[in-house]
Amino acid sequence: MDYTKLIHDFMDGTLEGTEEEQMFFQFSSNDELRAELKQQIAIRDAIRNDTRAFTPTANSTVGVFSALGFNPPSTVVDSILPAGNAAKPGFFTKYRQGFISAAVSIVGTAALFLLLMNPFGEKNTAQTNNNKQSYAQTQTLPESMPNVQSFSNDVPKTEVRYITKVRYIDVPRYVDLQPVQSISDNSVTSIADNETASSDLTSADLDSHSNSEFSMINNSNKIPELGYETKNDFLNNLNFSNDQLGLSMELRGSMYWNLKKETINPYQFNKFNNSALALYYNMNDNFAFGAEVRQETFFQKYTSLNDDSTFEQQPNFTTYGINLRYSAPYDYLGISPFGQLSGGFNKAGIVYRGMLGLKYSPYYNITFTVGGEYSGFRYYHNNKGFVDSKIGLNYGVMFNF
Amino acid sequence: MRQNFSTYTDEKLVFLLRSDSKEESEIAFTEVYNRYSSRVHAYCLRVLNDYEQAEDIFQEVFIRFFQKIKSNYPETNVSGYLIKIARNLCLNYKRDKVNTINIQENDIYFEPGKSFENSELLDLITTALELLDFDYKEAFVMREYDGLSYNEIAEVTNTTVTNAKSRVFRAKQKIKEILQPYLKDMANNEN
């Protein structure tokens with residue numbers, strides 16, 4: 001007798017009443033029939049427990065709803081995520097957030113670069129040694145500026161005298177960088193003849209003169225009353241003085257690849273995913289010490305206490321860390337190597353990293369960095385330790401002040 | 001607050017899906033997705049046995065379903081209609097994929113509370129499914145995974161109910177034959 005057919009029909013609910021009675025009658029004495037029933041029940045149970053087949057990935061759910069312009073419901077996503085299902089999305093889907101983060105970082109860096117450096121024009125740009133020029137000289141004076149009498153009795157053009165005065169204030173700042181002669185040249189073109197003598201100053205003159213005209217420099221304390229000093233300080237700040245604090249702030253973007261094969265992606269990425277903000281104190285030319293905060297994800301794969309279950313997830317983490325950076329004392333075409341060691345923590349465990357990279361400083365206050373990084377993540381589940389790791393490409397811009 | 005359509009019939013959901021109100025059609029679609037996504041996914045995965053492709057087709061099924069339901073009201077029920085779309089897409093994929101070899105995934109995913117033995121049997125069933133003819137395989141998947149009636153299977157596959165029954169049974173028989181050594185071991189271990 002074909003027991004397979006019999007049990008199949010029974011489980012299908014299509015067995016005739018009399019056949020069903022006979023089947024139950026035979027159960028007590030027929031081992032083969034009982035074994036057949038057990039086997040078919042085992043197959044059906046295995047199929048019902050095929051959660052991988054019955055569980056669409058979070059990415060697919062999001063993909064469907066996004067394509068239709070709908071918001072993926074949290075209930076759907078919540079029911080999908082704990083299943084530990086295996087997501088293997090397409091290349092773009094998988095790395096979409098990475099591309100977006102990279103694009104945002106690059107655009108942001110470029111915008112900052114253009115804003116600060118204006119590399120396509122020379123007006124008000126960062127200064128080179130050849131065209132250093134006082135910002136103050138380019139500024140017009142406020143119309144409300146009161147009319148200040150000159151110390152000289154025979155000077156009719158008081159406004160011109162203000163310009164002269166501004167130039168005097170700036171001369172000490174550039175006295176080491178710019179030949180004094182150029183100051184004289186500039187002043188000759190713009191200053192009335194009867195003031196030429198006062199324009200032809202040298203640094204030595206500044207030190208030695210004590211006549212009434214030069215006393216205007218020493219009397220600069222009066223200028224704040226005219227609302228001028230504040231403006232001049234702002235301009236000085238823009239000038240990025242060499243008297244720096246020894247601090248650097250770095251904005252960094254990253255692209256990561258988990259070393260374990262990813263089988264699930266985060267349902268939602270943090271908007272700052274794969275970006276970091278770090279503040280460094282430059283101890284000397286080679287060593288810098290700093291702290292950073294970074295938004296990232298880690299693919300985690302860990303097992304239960306009895307090793308009978310494997311859990312997979314890729315949560316978003318905010319990681320806080322400290323960095324020690326060593327910059328090599330040599331460079332080629334302005335590019336120099338550096339290495340960095342970091343240690344930190346997030347809500348799940350500790351993170352340690354090592355990075356090797358290159359940096360390029362087109363201006364002394366701006367540094368661009370790029371580097372390859374290894375990140376290890378140590379965490380515990382049921383008092384059992386696990387380590388996951390990833391490698392990444394970091395790219396950033398550093399502001400030195 | 002979002003409305004709950006979980007008590008609505010499929011017919012009512014289809015009516016709401018065709019609504020001009022985006023909110024209504026979104027909630028109705030979510031309900032349809034909740035009800036049938038697992039079955040559609042199971043069909044795509046077990047018929048194709050290619051995870052990436054199954055994911056792509058799974059997404060495409062629901063997108064096409066929504067687009068089509070806006071223009072024509074389906075004659076069949078929702079689950080049957082979804083499986084029919086999935087079937088057409090899977091057949092198109094298999095047709096375009098002639099002469100290429102499908103490499104079976106060997107990854108095993110364990111769920112909490114699920115024994116290794118169960119996963120092992122499931123892997124064997126999956127492997128056995130791959131050895132079946134497409135007609136038998138899809139009939140088995142529709143019946144055992146998607147819970148379709150023989151009438152629905154017959155409708156989706158354009159065959160008779162008797163044929164549908166026969167295909168499901170033959171598929172099960174074939175799977176049992178392939179799994180016989182394992183099933184015997186299992187029975188011996190229990191004894």
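Buried means under 20% relative accessible area, exposed over 50%, and partly exposed in between, using a 1.4 Å probe and protein chains only. The exercises below concern a predicted model, where local features need pLDDT of at least 70, side-chain atom pairs count only at pLDDT 80 or more, and totals for chains, interfaces and linings use all residues. Residues are numbered from 1 along each chain as its sequence is written.

**Exercise 1.** Find out where Ala348(A) is located and which residues it touches.

*Solution.* Start with the elements, which are DSSP runs numbered from the N terminus (helices: H or I, at least four residues; strands: E, at least two). Ala348(A) belongs to the loop between strand 7 (335-345) and strand 8 (349-363) of chain A. Next, apply the cut-offs: Ala348(A) is partly exposed because its relative accessibility is 33%. Then look for contacts (heavy atoms within 4.5 Å). Leaving out residues up to four places away in sequence, Ala348(A) touches Phe317(A), Phe377(A), Tyr379(A) and Tyr380(A). Finally, take Thr319(A), 29 residues apart from Ala348(A) along the chain: their C-alpha atoms are separated by 9.6 Å.

**Exercise 2.** Describe the largest nonpolar core and the surroundings of Leu82(B).

*Solution.* Such a core is a set of buried Ala, Val, Leu, Ile, Met, Phe, Trp, Tyr and Cys residues joined through side-chain atoms within 4.5 Å. The largest one has 72 residues, and Leu82(B) is among those with the most contacts inside it. Its largest share, 13 residues, comes from helix 2 (residues 22-48) of chain B. Now turn to Leu82(B): not counting residues up to four places away in sequence, its partners include Val32(B), Tyr36(B) and Phe65(B).

Conventions
Chains lettered and ligands numbered in written order. Heavy atoms only, no water.
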